[in-house]
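I opened this entry to keep a record of what I looked up in the structure, term by term, with the cut-offs written beside the values.

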Amino acid sequence: MLSNLSPVEFEDLCIDIASYKLGIRFSGFGPGPDGGIDGRYSKGPDNIIIQCKHYAGSNFSQLRASAKKEVEKLKSISPSRYLFFTSLSLTPMQQEELRTIFSEFVDSTDDIFGKTDIEGALRYYPEIEKSHIKLWLSSTAILERILHSGLENYSRATEDEILDAVRVYVHNPSYDEAAKKLEDEKVVVLSGSPGVGKTTLARMLAYSYLNEGWQLCSMTSLEDGFKKLDERSKTVYFFDDFLGRIELDKGALLKNETPLSTFVNQVRKSKNLRFILTTRAHIFEEAKQISDHLDSKRFQLARYLLDVGCYSRKIKAQILYNHLYVSNIGEEYIFELLKKDILGQIVDHRNYNPRIISHVCNEALFGEDAVEFPSFILAALDDPSLIWKKPYSNLALKQKNLLMALFFSNEFGIKLDALRDIFGLLHRKVSAHYLRSTSPADFEEALKTLESGFISISGDQVSFINPSLGDFLKSHLNNLELLLLLPDTAQSVRWLNKLWAHVRPLLSEQPSKFSTWFSECIKLLPLFVISPTSREDKTSTGTFIRSADLCASDRIVTLLDMWSDSRNEQFLEVALQVMASPNLEFSFWLDASTLFQTYINLKGWGENGHCLAELHRSLELKLVELIEKGCHIEELISFIETVNEYQGVEVPISIVSAIERSVDNELVYTNLNLYNLETESDLQEHIEFLEELGKITDRCPNRAIQEVENKLYEVESSYTEKSEVHFPKRNADDDFNDKQMKSLFSSLLKK
């Protein structure tokens with residue numbers, strides 16, 4: 001297991017062992033030209049020196065030669081005690097030979113630590129092993145548990161691939177922060193830019209629980225979690241890129257919010273459950289803009305949020321160091337990095353992230369010239385799209401078409417059969433335009449070629465192997481000639497809407513192409529009316545409403561946007577049909593705010609008898625209808641705040657009256673609204689909602705609050721004890737200057 005440690009990590013381990021054995025705190029100096037010192041304790045007459053030789057895979061002759069060189073350095077230091085550590089297995093005779101070499105400074109072989117001695121110390125001080133993740137993660141038993149836990153199934157990881165990820169991992173403060181938040185809240189959402197290591201951190205957290213005997217459940221959907229929800233057994237649930245997998249648009253996000261909040265609440269109520277989620281930072285910010293509910297008092301997902309990837313200079317250097325160390329890259333590459341004095345530029349680069357570092361180190365193994373290696377790294381940092389640009393350019397048309405079909409449907413995950421249907425239409429259309437032949441086997445062949453390198457297949461779900469591929473396609477798919485072929489391949493309003501959002505900025509640069517776009521879209525207008533907005537899904541825990549297609553209010557907005565750019569009345573006529581359709585569901589919490597904003601934006605447009613005037617009136621009637629149907633108090637507060645934002649705008653009396661009746665329902669008939677509030681936290685939150693409602697309406701909520709407090713008094717407080725899981729602690733990094741960095745990477749020349 002010591003072989004999985006880099007020289008830096010081996011030194012950290014040895015310093016920890018010495019600190020535990022002697023009960024004192026050593027300072028570390030890092031690898032490189034260190035004058036014979038890797039760790040030191042200096043106080044009064046004590047000057048204790050630690051020297052570490054990570055010689056796993058070498059032989060004793062090499063170690064003996066190196067030890068003799070250290071003696072001259074020690075004479076100038078004159079330590080009061082000298083501790084020598086090596087990862088090489090030592091026989092008693094070899095230990096005695098090393099003691100003889102260091103006889104001026106070492107009295108006993110007890111101060112000579114070989115592999116067996118280090119492993120014995122780890123058994124005696126198990127907390128040291130726990131704090132060095134790579135030690136216990138390298139054990140066969142733990143790797144087997146990981147492989148059988150389901151955590152790696154969706155990426156079909158092998159034991160070697162897991163070990164590769166472990167070898168390059170660098171422990172950083174985000175781990176400790178995430179571990180604490182997970183224990184305190186039982187839920188943690190790891191957010192950050194693509195490639196900063198969110199998923200890696202999440203896995204390391206999950207592995208630490210696995211090492212403590214917990215079970216793991218990897219989720220690709222909320223249904224996965226509900227099916228395996230068992231409060232009797234200690235279980236960690238892991239949902240990677242969760243906002244992407246529940247489809248990031250307003251309808252899908254909010255439709256999935258109910259089961260998501262239900263699942264989170266179930267976890268928080270149990271002492272045996274933990275929930276780890278990851279999301280890209282810009283996706284989370286977009287989600288918050290789409291839905292105030294995502295950051296609401298009732299479902300404060302943001303309270304579990306931890307932004308990761310803010311690495312210190314030292315951590316960034318160690319990440320690069322580890323990737324170079326495990327890649328078996330030639331010393332000539334390291335020499336060029338040191339010779340051109342470019343390491344500081346790399347780790348300080350504004351676009352630095354672990355994914356790019358991994359990419360450039362892997363590419364170096366496949367023909368990248370050593371002399372050009374430093375420039376290659378900087379070029380990749382200057383333009384991160386280079387990670388996908390080269391491999392994407394080598395794909396055949398059918399493979400590119402499959403990736404495009406996945407991107408515009410839902411690159412975060414789609415059923416295999418649904419993707420096959422979308423690909424079929426798109427592939428035939430694009431291939432015919434470019435005079436390419438097609439074959440019935442194209443889908444399966446493209447799927448097989450792309451799997452592992454570009455896409456991941458888990459069961460009947462297909463998704464991009466990495467979210468950064470979707471980010472690349474977002475910037476790369478800018479050929480309007482190609483994109484204008486796609487509208488009539490749409491099979492859902494959401495698909496068309498996503499294509500429209502992607503194409504609209506490009507069309508604004510070439511307005512002559514607008515007519516081509518809209519002539520294609522007009523053929524698809526019936527889809528806006530006939531495609532259902534939602535569906536019912538039954539699970540073992542109940543029936544949930546799921547998004548089937550774009551929500552009704554967003555269809556209205558899309559149609560108005562298309563009318564605004566085209567001035568074609570057909571888009572307005574279809575918007576009226578959407579408003580009047582008995583088959584399309586409108587809901588307060590999903591549609592009310594958007595409908596009100598649209599109503600205000602249309603105010604003053606059109607004359608009586610015009611489609612816009614008719615649509616304006618229809619929006620007013622629909623809003624009154626939704627308000628009078630009733631809603632949760634939090635949704636009511638959010639809507640009133642939306643209305644209040646439009647100060648100076650005259651709101652029709654019909655909407656004002658409907659709001660007042662809804663407020664009366666909350667303040668006057670409070671008892672009727674408390675039947676499903678059974679916990680102390682739910683009741684306390686309801687009091688906060690009533691206080692907020694009073695503030696924004698100038699109504700007195702005191703009587704209603706008293707009723708809630710009466711019920712709160714009757715509810716027994718519950719106490720959930722925390723489980724004891726050990727997490728490693730690390731001190732903040734000291735300043736890491738260019739000299740120390742050069743010293744660190746110089747050690748790779750002696751590997």
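Is C611 buried or exposed? I found C611 to be buried, at a relative accessible area of 14%, where buried means under 20% relative accessible area, exposed over 50% and partly exposed in between, with a 1.4 Å probe and protein chains only. C521 is likewise buried, with a relative accessible area of 1%. I then looked for disulfides, taken as pairs of cysteine sulfur atoms within 2.5 Å, and the count came to zero.

I note for the record that this is a predicted model, in which local features need pLDDT of at least 70 and side-chain atom pairs count only at pLDDT 80 or more, while totals for chains, interfaces and linings use all residues. Residues are numbered from 1 along each chain as its sequence is written, and side-chain values use heavy atoms, with hydrogens and water left out.

Cores. I looked up the nonpolar cores, each a set of buried Ala, Val, Leu, Ile, Met, Phe, Trp, Tyr and Cys residues joined through side-chain atoms within 4.5 Å. The largest has 147 residues, and those with the most contacts inside it are L324, L403, I455, W517 and F745. A second, separate core of 32 residues includes L163, Y175, L190 and L216. For W517 I listed contacts (heavy atoms within 4.5 Å); leaving out residues up to four places away in sequence, W517 touches L484, P487, L496, L499, W500, V503, L507 and M562.

Rings. I counted 26 aromatic pairs in the structure, where rings of Phe, Tyr and Trp (its six-membered ring) pair if their centres lie within 6.5 Å, and planes under 30 degrees apart count as stacked, over 60 as edge-to-face and the rest as tilted. Y209 and W214 are edge-to-face, because their ring centres are 4.9 Å apart and their planes stand at 75 degrees; Y209 is buried at 0% relative accessibility, and W214 is buried at 2%. Y321 and Y325 are stacked, with 6.3 Å centre to centre and 5 degrees between the planes. Both lie in helix α15 (residues 313–326), four residues apart, about one turn of the helix; helices (H or I, at least four residues) and strands (E, at least two) are DSSP runs, numbered from the N terminus. W517 turned up again here, in a cluster that ring pairs form with W500, F514, F518 and F571.

Sheets. I next followed an open sheet of five strands in the order β1-β2-β3-β4-β5, with mixed pairing, two strands being paired if DSSP finds at least two bridges between them. β1 (27–28) and β5 (112–113) each have a single partner strand, so one side of each is left without a neighbour in the sheet. Strands β3 (residues 46–53) and β4 (residues 81–86) run parallel and are joined by six bridges, and I50 has L83 as its bridge partner in β4. Helix α2 (residues 60–77) lies across β2 (39–43), β3 and β4, at about 155 degrees to β3; axes are lines fitted to C-alpha atoms, for helices over the stretch in contact, and angles run from 0 to 180 degrees between N-to-C directions.

Which residues does N272 touch beyond four places in sequence? I found W214, E231, R232, S233, K234 and T235. N272 lies in the loop between α13 (250–269) and β9 (273–280) and counts as buried at 12% relative accessibility.
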